[in-house]
Amino acid sequence: MVDSKKIESLDGDLLGGHHYKPNDEEKLERSLSNRHIQLIAIGGAIGTGLFMGSGKTLGISGTSVILTYMIIGFFFFFVMRAMGELLLSNLKYKSFADFCTAYLGSWAGFFLGWSYWLSWVVAAIADMIVIGGYMQYWDPTLPAWIPAFFTIVLLTVLNLLTVKLFGEMEFWFALVKIIAIVTFLLVSLYLIFTHFISPNGTAASFGHILDQKAMFPFGISGFFAGFQIAIFSFIGIELVGTTAAETKDPHKSLPKAINSIPVRIMLFYVAALICVVSVTSWSHITVDKSPFVQFFTLIGIPAAASLMNFVVATSAMSSANSGIFATSRMLFGLAVEKDASEKFRKLTKRKVPMNSLLFSMFFVILGTSILFIVPNVMTAFTIISTFGSILVIFTFGLILAAYLTYRRKSPELHEQSTYKMPFGIFMSWATLIFLFFSLIILALDFQTLIALAISPLWFLGLYFFYLRRRRKDKERAWILTHGKRIER
């Protein structure tokens, strides 16, 4: 879910601003080594959307969910190609917020900045919720909110310390995830090619992907229902290019970063799910549990299942940790750009934006409190992750809108581009239609409809605060024009 390549981009002084240059005291500290960045980047592709969410998508969509991830990955790859061409068209752009502001107006940067901050808050909330679910594996009577809130306190304290500690934690979290998923794939392939028979009599075979009723168990509506959590799984994919754009040779590193996205999708999502279904068969997968934990239970190795549950629990904690880190730095960036209160621009002696962190954590606590209203972990996860999916759709929609405007206003830049988006205009419109279709899908299920119905309140609130900000900007401009100093 969380692509941790964001860490290098966020751990610097260009994090959300387009114009304002912070002084040395206001700059975030660059404390992450290449060792941290590289391993976290790989581990970032393995998150809650895969480990927990895939159980729900398999349960409602059957093995056709493999096709779902491929379809979503296909369209999102073109979003990344559009982003890549725009970033390389002007190397002054350090993020998609920059070119969205340039081509769509200041409103786009404001809406995108705050919505992006919220998307990471939502991601952190979703991770907290599933951590509660993972702990129930060892103690089914344990209320999910207890481990969830304990994790909130723990990660808040750790994030208040130093960036270097964060990087070290994420390095080891990522290493555990990568070793686990690679081991899982190797064990699965061994079981499949040796025709292993589970204690329940199921013989491992790729043929289970096409078992009767496994492909579309609930028809076309079930197939569409799987799109929501699958879309949520892709949160963070867009930051791969943003980080690469800040390197010494963006014209080489950016295409390489974006072109590696399909490989990640095929390896960590498609291949992993094919292995799960091939060994256990779809009929034995439970909706409200991680299919990777169930995998080892079903093949008769409960000790390995317990170990895998520990891995997915640490994976969720890792994703939550990254989300918390991201929200605090993004709010800091909004303050730097004067889209948020100046209080959020203040740093501690250890270069940690404490006010931004605590403000973000307040909303994480508020969101995680849904467990008091909806104690079922998977139901709560679905509602929260749906809102995250809506924010992803909004973000990607603005990136494509900026690309279409760029093609209309700056055709000469497109002609000069060495990394053109394939079938640019056609695929932009096709992907926008796909994103709109994805929103309609959310109205088909009651749980996803709840988040869809509430989401307009967020955008109405942003519109109100944007108008307020514009009014203040005009007042400030008027005072400056008349030679008066602004008191802060």
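This report walks through a salt bridge, a helix and some aromatic contacts in a predicted model.

## Ground rules

Residues count from 1 along each chain as its sequence is written. Because the model is predicted, local features need pLDDT of at least 70 and side-chain atom pairs count only at pLDDT 80 or more, while totals for chains, interfaces and linings use all residues, and side-chain values use heavy atoms, with hydrogens and water left out.

## The salt bridge

The count here comes to 1 salt bridge (a side-chain nitrogen of Lys or Arg within 4 Å of a carboxyl oxygen of Asp or Glu). Asp 339 pairs with Arg 469, with the closest N and O atoms 2.8 Å apart. The two partners come from distant parts of the chain, 130 residues apart: Asp 339 is in the loop between H16 (302-336) and H17 (354-368), and Arg 469 is in H22 (446-481). Helices here are DSSP runs of H or I with at least four residues, numbered from the N terminus.

Asp 339 is buried at 9% relative accessibility, and Arg 469 is buried too, at 18%. Buried means under 20% relative accessible area, exposed over 50% and partly exposed in between, using a 1.4 Å probe and protein chains only.

## Helix H17

H17 runs for 15 residues and spans 21 Å from first C-alpha to last, close to the 21 Å expected at 1.5 Å a residue (1.5 Å times one less than the number of residues). Its buried residues are Ser 356, Leu 357, Ser 360, Met 361, Val 364, Gly 367 and Thr 368. Down the axis of H17 they fall within an arc of 125°, so they line one face of the helix; the arc is taken from the directions from the helix axis to the C-beta atoms. Among the elements covering them are H7 (106-135), H8 (145-159) and H16, where contact means heavy atoms within 4.5 Å.

## Aromatic rings

There are 42 aromatic pairs in the structure. Rings of Phe, Tyr and Trp (its six-membered ring) pair if their centres lie within 6.5 Å; planes under 30 degrees apart are stacked, over 60 edge-to-face and the rest tilted. Phe 111 and Tyr 466 make an edge-to-face pair, 6.4 Å centre to centre with 70° between the planes. That pair links H7 to H22, 355 residues apart, and both residues are buried.

Ring pairs also join a cluster that includes Phe 74, Phe 216 and Phe 434.

Conventions: Helices (H or I, at least four residues) and strands (E, at least two) are DSSP runs, numbered from the N terminus.
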